[in-house]
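The entries below follow the order in which I looked.

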Amino acid sequence: NVIKQKLFVKKDKIHSEKYYRRIDFLNKYSLLFHAIIAMAIVFIVEIISRRSFISACKFVDAHTLAFMYNSFLVFVSFSLVYLFRRRAFARVIITGFWTILGIINGCVLSNRVTPFGYTDLKCIPELLAMNNTSYFTAQQATIVVVGLGAFALFLVALFIKGPKYTGKIRYAGVSVAFLALLFVAIPVTTNVAQNTNVVASYYSNIAQGYDDYGFVYSFSSTVVDRGMKKPEDYNKQNVEDVEQKVNSQKQTTTVDGKTGPNIICVLLESFCDPDEINFLQVNEDPIPTFHELEKNYSSGYLNVPVVGAGTANTEFEMLTGLSMQYFGTGEYPYKTYVKTTPLESAASALSSLGYGAEALHNNGGNFYSRAKVYNNMGFDHYTSKEFMNILKTTPKGWATDDILVPNIMESLDTTDGTDFVCTISVQGHGDYPTEPTLENPEINVTGVEDEGKRNAWEYYVNEVHEMDKFVGQLIDAIEQRGEPTVLVFYGDHLPTLGLEAKDLKGKYLYNTNYVIWDNIGLEKKDGNIAAYQIMAEVFDRLDIHTGTIFNYHQQRRQTKNYLADLELLQYDIMYGKQYVWNQENPFKATDLQFGIRPLTVTKVYETKDSIFIVGNNFTNFCQVFNGDVKINTTYHNEHLLEVSKKDLKD
């Protein structure tokens with residue numbers, strides 16, 4: 001057969017005999033080569049992800065078994081080549097697949113702390129729509145497009161000119177059945193690796209998880225371990241038993257949208273108390289307003305599900321009362337479930353009482369799919385940065401939080417009654433520059449030996465100082481307004497500055513700070529609480545007893561099976577038969593309105609070189625279109641836009 005093959009090759013004069021001997025050798029020992037290539041790919045991907053050869057070497061040294069397990073996963077993927085005749089082509093595709101994923105992860109980590117996961121693929125349209133240079137630049141996008149194009153051309157050439165295996169689809173007794181056995185072995189070996197702590201089955205600090213267990217395993221986990229696993233005791237009777245216990249103790253709500261207070265929740269991006277950090281020394285108190293509030297109003301630690309990143313998951317817990325601990329690795333419900341399915345939330349619960357429900361975020365409206373999420377959570381209005389007249393930004397390009405104050409006041413004006421306002425700030429967002437950035441910082445930081453880290457901490461602490469001023473400004477505005485109001489301030493997660501548990505006075509990385517301010521005389525009640533419990537607690541203090549999960553927390557929080565029953569209800573609501581609602585989701589998406597103030601055009605006039613558009617409530621995100629073509633637009637102020645006649649072909 002070999003002689004016939006060589007004669008055939010010579011007859012066709014495609015390649016030399018030496019070339020085919022080399023191919024035969026590679027095919028003969030392909031399993032060994034696959035193992036070597038798999039380890040090389042994993043190592044290269046780790047270099048790219050960590051952006052450091054030394055860090056990749058440290059990963060191999062400190063987590064050797066995890067490295068080998070990552071290599072095993074890549075090795076198994078290479079076994080697919082035995083199902084094809086164009087094996088070189090298949091090997092290049094598999095190599096390119098893992099390498100491209102690693103490059104994407106490296107690019108993602110150069111702009112944020114959360115690594116690249118499967119659910120990020122669901123955010124690509126929103127990210128592209130944002131066109132936000134805080135996340136990517138036009139140059140980076142061009143490099144990606146050119147690189148992928150070049151790879152595609154190489155694949156086409158390889159498919160046409162590359163070698164083609166002419167034997168049977170088997171190798172040295174390795175049959176298709178053996179290949180299937182390799183893939184079947186993945187869940188078995190994964191279970192063994194998890195049980196022996198080679199890798200972890202779940203980690204709420206996804207960035208640390210990728211560091212400890214490698215990109216290939218961690219990314220693969222985000223693909224297969226999504227949503228919630230069905231509890232073993234899940235059935236209709238058990239769900240109804242839990243509901244009966246809740247309903248038997250349920251209290252009556254005594255307020256509504258006319259008699260209750262405004263409720264404003266403010267998520268402070270990456271906010272923590274610098275006093276909580278053992279090694280940090282400052283020349284003056286960075287957050288005097290927050291500290292004063294803690295002395296006079298209810299406060300404590302807020303247990304959050306993430307560290308360093310993952311704002312949307314803390315926000316999800318606060319708004320829904322559902323816990324992230326029951327989801328798979330790297331899950332973001334905002335990107336998956338709530339993006340497409342209506343879900344009960346604090347907004348819908350309060351709307352049922354006649355409250356208005358508004359959301360604000362001084363960042364891109366599409367990020368984390370919030371535009372769709374808020375629609376499915378029952379909000380009436382959503383004001384993102386595209387609808388704000390933002391004039392001030394941080395040195396890193398994030399909007400400062402003071403812009404939120406007038407927009408919150410406008411949100412409270414949307415109804416004649418009371419309102420629920422969910423506010424997500426952005427000023428404290430990382431990353432934090434290691435080079436001196438602030439010319440005359442109000443807060444000077446010491447206690448950090450490394451100069452680059454000291455610069456990052458000083459930048460962060462000064463941004464927190466500005467956020468503290470925003471807290472004071474908002475309270476002043478509420479007091480001047482004179483309406484009964486409850487304000488909940490809380491941090492979503494600790495900053496991305498390499499903190500360890502030993503660095504914190506509380507010795508726990510998943511604690512931030514919260515405070516509940518009010519002007520209605522609520523009793524000061526300090527204590528630590530989880531993010532998924534805080535709205536139920538606020539509701540309870542206001543004698544509001546509505547919402548399935550919020551009622552559950554109020555009635556069952558101190559009971560023996562509290563967490564097990566919460567998991568049962570959560571699964572039933574999101575992935576089960578919805579027995580709790582008679583098997584029919586009662587919630588509908590709202591007709592979400594973007595922005596509060598209407599954008600209007602009142603006049604258009606032209607000069608020799610330009611056309612001017614006059615109107616109201618313009619922002620620097622407004623664009624003029626000629627048909628479907630976007631025209632370069634100059635923003636002058638909230639009443640005036642300009643386009644050059646040079647940009648108008650017609």
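My entries begin with the model as a whole and then turn to its cores and helices.

**Basis.** I worked from a predicted model, in which local features need pLDDT of at least 70 and side-chain atom pairs count only at pLDDT 80 or more, while totals for chains, interfaces and linings use all residues. Residues are numbered from 1 along each chain as its sequence is written, and side-chain values use heavy atoms, with hydrogens and water left out.

**Overall.** I counted 22 helices and 17 strands; these are DSSP runs numbered from the N terminus, helices being H or I of at least four residues and strands E of at least two. Of the 650 residues, 52% are buried (under 20% relative accessible area, with a 1.4 Å probe and protein chains only). I took contact to mean heavy atoms within 4.5 Å. Among contacts between residues at least 6 apart in sequence, 73% join residues at least 24 apart.

**Cores.** I looked up the nonpolar cores, each a set of buried Ala, Val, Leu, Ile, Met, Phe, Trp, Tyr and Cys residues joined through side-chain atoms within 4.5 Å. The largest has 74 residues, of which I263, F316, L319, Y374, F379, F420 and M535 touch the most other members. Helix α22 (residues 562-574) gives the most to this core, with 7 residues. Leaving aside residues up to four places away in sequence, I found that Y374 touches, among others, L319, F379, I424 and L592. A second, separate core of 51 residues includes F271, L404, I443 and W457.

**Helix α22.** Since 10 of its 13 residues are buried, α22 is largely enclosed by the rest of the structure. The buried residues include Y562, D565, L566 and M574. They pack against α12 (236-249), α14 (311-320), α15 (337-340) and α21 (548-556).

**α20 and α21.** The axes, lines fitted to C-alpha atoms over the stretch in contact, have angles that run from 0 to 180 degrees between N-to-C directions. For α20 (residues 534-541) and α21 I noted axes that come within 9 Å and cross at roughly 75°. The two helices are therefore roughly perpendicular (65 to 115 degrees). M535, A536, F539 and D540 of α20 meet F550, H553 and Q554 of α21.

Methods: Buried < 20%, exposed > 50% of the residue type's maximum accessible area, 1.4 Å probe, protein only. Parallel < 35°, antiparallel > 145°, perpendicular 65-115°, else oblique.
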